Amino acid sequence: MIVTDRNGYASTSADWTPHTSNTNRGESSSDGIWFGTSEPDDTKGALPYDTYVIEEQRCEANEEMNLLKIEVTVYRDSMIIDLGTLTDDRIEIGTTALDKETGSHLSNPDQEVTLIDTVEYEGLKKGEEYRLTGILIDQETGEPILVDGKEVTAETTFTAKKSSGSVEVKFTFDGSGLQGKTIVVFEELYQEDLKLAVHADLEDKDQTIYFPKVGTKVADTETGEQIANAGKKVKLTDTVSYENLVAGEKYRLIGTLLDQETGEPILVDGKEMIGETEFTAEESYGTAEVIFSFDGSTLAGKTVVVFEKLWYGEEQIGSHEDLDSKEQTLVFPEIKTEAKNPATDSQVGTAEQETTILDTVSYHNLIPGKEYTLKGVLMDRETGEEFLVNGEPVTSEVVFTPSEPDGSVEMTFTFDGSALTGKTLVVFEDIYYKEKTVASHAEIESDPQSIYYPEIGTQAKDGEDGDQEAKADKEVTIIDTVSYKNLTLGLTYQVSGVLMDKSTGSELLINGETVTGQTEFVPESAEGTVDVTFTFNAEGLAGKEVVVFEKLHLMLDGKAIPVISHEDLSDQGQTVKLVEEETPKTPETPTTNPPQTGDTTSPVLWIAIALLSVAGIGCGIWKIRRKKRTEDKV
């Protein structure tokens, strides 16, 4: 070993440093040099004839320098070989780290990320082998990035073709946990185990990779909340927050609506619901809005989640795709209603002066803890318009705060329903949040929303010959045919009647008892007829007129609940007259041999003669002429 002095000079001459001074200790410039087998001799040169290799050794002073290695041949006695001033070339490396997919300093925090760090070097020796080792460092902490508890490193070995050049170091790793992180690539250059150069600068932008972070907050543009009405025109605004972008660059956000239940994209008319926006980041962090406008009328009851992807050029560099993210989620509530008449505990209405409809509204997909207003109105199914009482619609309103997304609430309508005979009312309901509609159930043909108000009419007749006169015999049968409309199928009804004395307006009494009849039936259609029979002793009642009063009942659990009645003493259709002898019926006009044009015979007389002939009465041909009436001359 030969050690230079503090000025960098060294010599093997005994005049510079005696050979005998700490011979070959090699610790300082005062240690002598001696080659050969003999004892050191300060009168001689230190180097016998031969070829020697002088190789610079690594020390603190020559770090990051290319060390010298020189061959020297001693071939003459007392020869001085002056090597002159030897200068170390400094070894320098610089790095440029880029994401393989984007070709930029922006990288998508995906499960498989590949970074290419291009290391440029200077001062290497042509033809010699070197090794580069790299490690990823968290810029914020200055500590190595850990993936699955391990540092992310890469290494490559190369042979320098020139003293300057470049070589690539490739890092492939799981970057899914690096959202919002900024990492810096540190590189070290080795020759065998000798460290030649280091490039480790946390502030070097060329060594830096940015992993963006994306967050979203969706809201209905109408309500300003994460709740929307499933109407034909829906507009959602997704406010996307971003971090760790490169300022001044242009980016693109593309959003898609997904069904949270299925995880599949929402389709409207067979197309996915997409929103897109472009923006230039003024700073590394900020927000941008993505707008979705579409027909949402098929989305009642659904929960949608907005998935956002951030693009730089043609490459994705970030995303926020989490079906369980509350911030990304928006609900479309759904309501269903079931209307009942409390008086009948069914959908059969009673047309009374004070009637009530109880509507049970079941809701799905509301946001718990928020205050909602349920508003209802009664509709006339026949007209499709609001049902009016004294010129005003019949409405009701309830304010409620659900503790769960799903539940039910009751709404009561009390009003004058005396004019409802034969009508069908339908309850329309809307739920409002902050005066904005978030759910509706307004189907004019919806059966569960409907209350049916029956109507009946009656036609009383003599059970003997079907007319409205009956002979006051010991046994008389009156059949009352009750026509009905707007009944509810599947329910059991009862029609019960009583005979009234028209002259007194009171019930007809036979031996002190009323004359009644009743029939139970299950209608096969909403409209039809049913007969009620009354049999009684009418002796002594000739000259009286009896009127049939009828009531329609709904049969529930063995109880007859009155629904509607037809009780009108002046209604001729309900009236039968009791007589001593029934008035002979006028013969019906035959369908054969009608009188021809120009006949002068009376049609009535012709009919009578024809009937007599058919009956075999008389002897032959009859001549009929019109007798001139004197009253024609008046």
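How many helices and strands does the chain have? There is 1 helix, and there are 46 strands; both are DSSP runs numbered from the N terminus, with helices (H or I) of at least four residues and strands (E) of at least two.

A word on the ground rules. This is a predicted model, where local features need pLDDT of at least 70 and side-chain atom pairs count only at pLDDT 80 or more, while totals for chains, interfaces and linings use all residues. Residues are numbered from 1 along each chain as its sequence is written, and side-chain values use heavy atoms, with hydrogens and water left out.

Take contacts (heavy atoms within 4.5 Å) between residues at least 6 apart in sequence: 68% of them join residues at least 24 apart.

Now for the rings. Rings of Phe, Tyr and Trp (its six-membered ring) pair if their centres lie within 6.5 Å; planes under 30 degrees apart are stacked, over 60 edge-to-face, and the rest tilted. That rule gives 12 aromatic pairs. In one of them, Tyr-251 and Tyr-312 have ring centres 5.6 Å apart and planes at 40°, so this pair is tilted. Tyr-251 belongs to strand 17 (residues 250-259) and Tyr-312 to strand 22 (residues 303-312), so the pair ties together parts 61 residues apart in sequence. Tyr-251 is buried, at 1% relative accessibility. Together with Tyr-242 and Phe-279, Tyr-251 and Tyr-312 form one aromatic cluster.

Charges sit over rings too, meaning that NZ of Lys or CZ of Arg is within 6 Å of the ring centre and within 35 degrees of the ring normal:

| Charged residue | Ring | Distance to ring centre |
|---|---|---|
| Arg-131 | Tyr-190 | 4.7 Å |
| Lys-375 | Tyr-432 | 4.8 Å |

Arg-131 turns up again around Phe-158: leaving aside neighbours within four places in sequence, Phe-158 contacts Arg-131 and others, including Tyr-121, Glu-129 and Leu-189. Phe-158 sits in strand 10 (residues 153-159) and is buried, with a relative accessible area of 9%. From Phe-158 to Glu-129 is 29 residues in sequence, but 5.7 Å in space, C-alpha to C-alpha.

What about Met-79? Met-79 is in the loop between strand 3 (69-74) and strand 4 (89-90), and at 32% relative accessibility it counts as partly exposed.

Conventions:
Buried means under 20% relative accessible area, exposed over 50%, partly exposed in between (1.4 Å probe, protein chains only).
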